[in-house]
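Hello,

Here is the structure we talked about. Please open it first, then read my notes below.

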Amino acid sequence: MSKTALVFLATIPASVNELAITVKNASVRFVSGTGKDLTVKVSDPEQWRFVAEAGVFLQKAGKHRATATVDVDGDVVVGKGGVVIGGGRNGGQISVGEGGVYIGGNVKGGVINTGTVINTGGGVFFGGDVICGGDFIAGDKICTVESATDSRECIEITVPQGYAGSLNLEWSGSLDADLGDFAGGSISLSGSGSANIEAGRLEGLESFEVKVSGSTYFSCRSIRAGVFCYESDGQGSSTIGSLRAEVVNALLSGVCRLSVNSGSARCGIAKASGCSTVEFRGDFKKLKAERSLTSAVTIG
């Protein structure tokens, strides 16, 4: 989790049946707490839509805090979400963003009045003179350099030990998540892009489901669930220390690896295609194994 300072966003009643969180390029963390209800902290409250009573949290589309890289030839400043179209500073291009306007040519016969304040919220580099009659305030950081440092939006949820609700986490882009310990309910993880997910003890679950594409790295100390379902298409590796489930369905393609070090299952399937590898160590002999010529499945 990023070291970015977090601020209080909402309190969630412990009676809520499910936490539904949708993010893009973000860090998500769950920590154990001693209170009666769940509490939510984020790095920027303006970046979220939420219904605390329903346990629904949605990172606003296009409002993630990843720093943008703008490659331009000239003096360009645009507010939130601005887009520059055209060539160099003499190309006569026009760019309109939220709270800012850039015109790549001379202006004659009047004064341009945008009616708003240029909103940057970060560092800005100008290659020429800047005249400003107001302030630069909260928004996205824009700079004319080849690369910029990532600054993910962060959300942290403190969960009381007695909470037995479900978790539904969806993501796109990049995700850095720490699930901590969960007991009861179901867990569903789905996304595309790159993800690095850690978890502790996930006990007494009705189901544990993962459906991912892209680059996924997952590590978990232990899982006990009625149904365990893992589908991955892309690359990466997942390691589970101990898995005990009634039904196991593992379907991997691409260049993926799933390793279970110990545990048991009553029935299910372990299928690998592409150049993927599946390993179940323990009492998993009742699983049906399927593989392609270039993949590997180990049961036992």
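Start with the contacts across the whole chain. Among those between residues at least 6 apart in sequence, 36% join residues at least 24 apart. Bear in mind that this is a predicted model.

The protein chain has 15 strands and zero helices. Of its 300 residues, 40% are buried. The chain exposes about 15100 Å². Carbon and sulfur atoms supply 48% of that area.

Now to R257. This residue sits in strand β11, which covers residues 186–260. Buried would need under 20%, and exposed over 50%.

The side chain of R257 makes a polar contact with the side chain of S259, at 3.5 Å. Setting aside neighbours within four places in sequence, R257 contacts G236, S237, S238, L252, T277 and E279.

One of the R257 contacts, T277, is next. T277 belongs to strand β13, residues 277–280. Its relative accessibility is 18%, so T277 counts as buried. The cut-off for buried is under 20%. Which residues does T277 touch, beyond those up to four places away in sequence? They are L252, C256, R257, L258 and A296. L252 is also on the contact list of R257.

Best wishes

Key. Residues are numbered from 1 along each chain as its sequence is written. This is a predicted model: local features need pLDDT of at least 70, side-chain atom pairs count only at pLDDT 80 or more; totals for chains, interfaces and linings use all residues. Side-chain values use heavy atoms; hydrogens and water are left out. Helices (H or I, at least four residues) and strands (E, at least two) are DSSP runs, numbered from the N terminus. Contact means heavy atoms within 4.5 Å. A polar contact is a pair of N or O atoms within 3.5 Å; within protein, one must be able to donate a hydrogen and the other to accept it, and residues adjacent in sequence count only if both atoms are side-chain atoms. Buried means under 20% relative accessible area, exposed over 50%, partly exposed in between (1.4 Å probe, protein chains only). Accessible areas come from the Shrake-Rupley method with a 1.4 Å probe; for residues, only the protein chains shown count as cover.
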